[in-house]
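Please read the notes below alongside the model.

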Amino acid sequence: MTVMTATRRALAAGVVSLLATLLTTAAQAQITPERLAAAPNEPQNWLMYSGNYNSTRFSPLNQITPANVKNLKLQWVYQSPVAGNWQTSPIVLDGVMYITQRQNDVAALDATTGRAFWIYRYTPAQDRIVCCGANNRGLGILGDTLFMGTLDAQLIAIDRITGKALWKTAVAKTTDGYSITHAPLVVKDKVIVGVGGGEYGIRGFIAAYDAKTGKEAWRFYTIPAPGEPGSESWQRCPPNSKGFCDPDAWKHGGGSIWMTGSYDPKLNLTYWGVGNVGPDYNGDQRPGDNLYTDSVVALDVDTGKLKWHYQFTPHDVYDYDSVQVPVLVDNWDGSSINVVMWANRNGNFYAIDRATGRFLVGKPFVKVNWMSGFDERGRPKQTPQGDGLPTYPGNQGGTNWYSPSFSPRTGFFYIPAWEDYASIYSPAPSEYKVGTNFTGGGPRNLSAVPGAPGLGRSPLNTWTEAAGHGAVIAVDQTGREKWKFKMTDVTDAGILTTGSDLLFTGGREGYFQALNARTGELLWKTQLGAAINSGPTTFRVGNKQYIEVVSGLSMFVFAVEE
Amino acid sequence: MWTTLAVLAATFMAQAPLHDAQYPDADIAYGATLYASKCVNCHGTTGDAIGGVNLRSGKFRNAVIDRDLERFIRAGSPAGMPAFTLDNAEMAGIVAYLRNMNAFDSATVKAGDATRGRAVVEGKGNCTSCHRIGAAGSRVAPNLSEIGSARSAGSIQRSLVDPTSQMMPINRPVRAVKKDGTTVAGRRLNEDTYSVQILDDRGQLHSLLKSDIRELAISTTSPMPSYKSTLSESDLADVVAYLLSQKGQ
């Protein structure tokens with residue numbers, strides 16, 4: 001009896017212990033909204049596109065340091081099966097990495113070896129209409145479910161253990177020019193995505209879907225309909241228009257969404273950057289400021305209602321999409337104001353009160369001549385250049401979609417920039433036809449010799465010193481330059497900063513570089529063989545910190561070997 | 001607009017002048033010869049042989065700017081026009097001609113003769129002492145074997161009389177002095193943040209690390225002489241015609 005009791009006790013203790021282990025594992029595995037909001041507290045994981053809801057692309061991990069970064073060694077390489085510009089940024093959870101790969105595949109990999117657990121394959125509709133290739137920048141996660149937007153404008157939920165689809169929702173009609181290329185933002189019980197198609201005359205929107213069912217919860221159109229607030233910025237055509245003016249301009253006014261937004265749990269607001277107006281270049285056919293194109297919009301995350309907006313480039317004729325990742329920073333410049341920081345494609349750095357939308361500061365970080373300053377409310381004083389004259393920054397912008405970074409340790413904001421770069425614009429009337437290119441003319445490069453071949457970039461860089469070049473520019477919280485790291489070629493690479501004051505970035509030249517985040521000093525570099533078009537990430541498995549970056553068709557993962 | 005290599009490539013390739021720019025006579029003349037061989041059967045010598053289409057008007061329903069016109073010519077029309085595959089030089093020529101068809105005077109703007117042009121290039125022009133065409137000539141200056149598909153007629157013509165104005169930035173003469181005192185002079189083939197690749201004046205390839213270079217001097221003046229006063233107008237037109245015929249393999 002006594003023996004039996006002891007055995008039973010031992011068994012019972014074992015069961016309790018096992019249950020506790022299982023519960024702990026389950027608790028670890030479950031990604032809750034609270035864990036997403038507290039992502040910086042588990043720096044071993046990388047739980048969303050920009051690493052955290054503030055979208056700083058900063059990690060507190062500090063095992064890799066300025067002193068040992070020279071010992072970084074390649075751990076593994078994973079090659080994408082489909083050729084093309086690969087822009088994914090992974091999610092890493094408990095040693096498993098979840099990535100998107102062209103066209104719309106999802107793969108689960110061992111984050112320490114690159115070996116695949118499963119690959120979910122989705123073939124987007126053949127008649128899809130997407131501007132710029134089979135791009136997908138990543139996933140969202142909640143519970144045990146991954147979420148992916150597709151090139152044919154579907155939203156798909158996938159079981160992260162089995163790799164099987166759970167539900168699929170049609171977000172928009174791809175044959176009308178709609179697509180999804182960015183990583184969804186998961187907040188509370190909702191999955192938030194927006195639509196691309198700014199060159200196809202879409203009417204852009206951001207929408208939230210129930211994470212369990214895929215049912216639409218709310219939708220915010222980035223182009224207001226007549227009578228709605230903001231619709232006054234789509235003015236009537238003057239009675240005697242000299243050129244072509246489109247009375248229905250708002251119906252195909254663009255305002256695409258193609259980068260992931262941010263979220264402030266205290267204010268319950270989600271922030272999104274809105275893309276260019278359509279048609280891109282011919283302003284005469286769409287009089288007015290054309291809200292909410294080229295704006296940041298702050299939406300109530302439960303209802304999708306607009307709380308405030310700020311328009312960076314009213315009545316844009318340069319294709320200055322404002323889709324950049326909104327970076328949320330508290331106690332701006334030592335004050336009590338919490339802001340959204342923004343390096344815009346139009347060449348300016350901004351700080352905006354993220355509770356109210358109040359413009360605090362705007363300052364060029366590259367050469368700018370399309371405007372000459374701001375009025376007290378932050379409206380740019382536009383200075384259009386004459387026919388045939390260069391506009392700075394050029395069509396691809398002073399920066400573009402590539403992720404910036406903010407380090408709470410240095411207090412600096414880091415911008416991947418194109419310096420001294422201009423375009424000459426030639427607007428032309430453009431009639432809207434469903435699903436066809438709708439740009440209203442086009443830009444050309446400043447420095448080319450007329451009638452000679454165009455200038456090329458990596459791997460054979462023929463731009464040289466004659467045209468723009470890339471840089472990482474570190475600015476303080478008012479936009480003052482602190483240091484600059486110049487590159488010969490331009491850069492489309494995002495930036496990662498870490499808790500040991502390292503900054504990782506790439507560029508078109510294919511170098512993956514580690515800089516001192518305080519000084520800009522080059523500490524380490526390696527040549528990966530092709531342009532780096534995404535933002536690096538970092539994570540930890542066991543006791544080892546890893547650094548991930550995509551170059552060309554391959555994902556490279558590094559760690560320090562002492 | 002999202003940025004891609006494809007978009008950039010399209011932007012960079014859009015080198016044909018816009019319709020408000022000057023169209024060089026050499027382009028118009030080249031375009032006239034192309035029109036006579038590729039377009040005249042349907043559109044007629046006066047450009048109005050198809051009902052409702054008058055090319056001499058200079059106005060095109062589907063092409064406000066030159067890039068639209070290029071796109072239309074490359075794509076063809078459901079109304080019956082086939083798609084045309086033209087190289088950069090041909091496209092620049094045909095667009096220039098179409099924009100100027102009404103004013104074009106074949107008596108004053110003449111296309112040159114490629115055979116005579118070859119004789120000038122290999123003879124009194126002395127071009128092959130620096131340039132290479134096919135298997136003959138020096139490698140020091142840019143290779144001209146594909147110049148006829150890469151450059152417009154106007155650009156080639158201007159290169160002959162004002163070489164600096166047409167020099168691509170990558171062809172600027174450079175002189176690198178290494179820290180060990182040795183010098184490499186030539187022109188760049190490629191460059192990145194940390195290195196530069198040079199074809200030197202003796203036809204040798206060098207890849208230099210910038211950390212090993214003490215000084216890198218770059219000139220914006222072309223070392224090529226102008227032929228404005230040393231070749232006649234007729235010689236120049238012949239040379240342009242010969243170079244336009246160099247379309248590569």
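1. A salt bridge here is a side-chain nitrogen of Lys or Arg within 4 Å of a carboxyl oxygen of Asp or Glu. By that criterion A:Glu465 and B:Arg172 are joined across the two chains, with N to O at 2.8 Å. The number of salt bridges between chain B and chain A is two.

2. On conventions: this is a predicted model, in which local features need pLDDT of at least 70 and side-chain atom pairs count only at pLDDT 80 or more, while totals for chains, interfaces and linings use all residues. Residues are numbered from 1 along each chain as its sequence is written, chains are lettered from A and ligands numbered from 1 in the order in which they are written, and side-chain values use heavy atoms, with hydrogens and water left out.

3. Extent of the contact. Chain A contributes 54 residues and chain B 37 residues, where contact means heavy atoms within 4.5 Å. About 3800 Å² is buried between chain B and chain A, and 59% of that lies on carbon and sulfur atoms. Buried area is the accessible area (1.4 Å probe) that two parts lose on being put together, summed over both.

4. Polar contacts and make-up of the chain B side. There are 11 residue pairs in polar contact between chain B and chain A, both residues being at pLDDT 80 or more. A polar contact is a pair of N or O atoms within 3.5 Å; within protein, one must be able to donate a hydrogen and the other to accept it, and residues adjacent in sequence count only if both atoms are side-chain atoms. On the side of chain B that touches chain A, the elements giving two or more residues are helix H1 (5-13), helix H8 (153-161), helix H9 (163-166) and strand S4 (183-191) of chain B. Helices (H or I, at least four residues) and strands (E, at least two) are DSSP runs, numbered from the N terminus. H1(B) supplies the largest share, five residues. By type, this side of chain B has 18 nonpolar, 11 polar and eight charged residues. Ala, Val, Leu, Ile, Met, Phe, Trp, Tyr, Cys and Pro count as nonpolar, Asp, Glu, Lys and Arg as charged, and the others, Gly among them, as polar.

5. Within chain B, B:Arg188 pairs with B:Glu191, the closest N and O atoms being 2.7 Å apart. B:Arg188 is buried at 0% relative accessibility, and B:Glu191 is buried at 9%. Buried means under 20% relative accessible area, exposed over 50%, and partly exposed in between (1.4 Å probe, protein chains only). Through shared partners, salt bridges join A:Glu465, B:Arg172, B:Arg188, B:Glu191 and B:Lys210 into one network.

6. Other salt bridges. Over all chains the structure holds 30. In one of them, B:Lys124 meets B:Asp235 with the closest N and O atoms 2.7 Å apart. This pair links distant parts of the chain, 111 residues apart: B:Lys124 is in the loop between helix H6 (114-122) and strand S1 (132-133) of chain B, and B:Asp235 is in helix H10 (residues 233-244) of chain B. B:Lys124 is exposed at 59% relative accessibility, whereas B:Asp235 is buried at 13%. In chain A, A:Asp189 and A:Lys190 form a salt bridge at 3.4 Å between the closest N and O atoms; A:Asp189 is partly exposed at 41% and A:Lys190 is buried at 13%.

7. Cysteines. Over all chains there is one disulfide, defined as a pair of cysteine sulfur atoms within 2.5 Å. The disulfide joins A:Cys237 and A:Cys245, with the sulfur atoms 2.1 Å apart. The torsion about this S-S bond is about -85°, so the disulfide is left-handed. A:Cys237 is partly exposed at 23%, while A:Cys245 is buried at 13%. B:Cys39 is in no disulfide, as its nearest cysteine sulfur, that of B:Cys42, is 8.8 Å away. B:Cys39 is buried at 15% relative accessible area, whereas B:Cys42 is exposed at 52%.

8. A:Thr222. Where does A:Thr222 lie? A:Thr222 is in the loop between strand S14 (216-221) and strand S15 (262-264) of chain A, and is buried at 0% relative accessible area. Its side chain reaches the backbone oxygen of A:Gly255 at 2.7 Å. Leaving out residues up to four places away in sequence, A:Thr222 touches residues including A:Phe205, A:Ile257, A:Leu291 and A:Tyr292.
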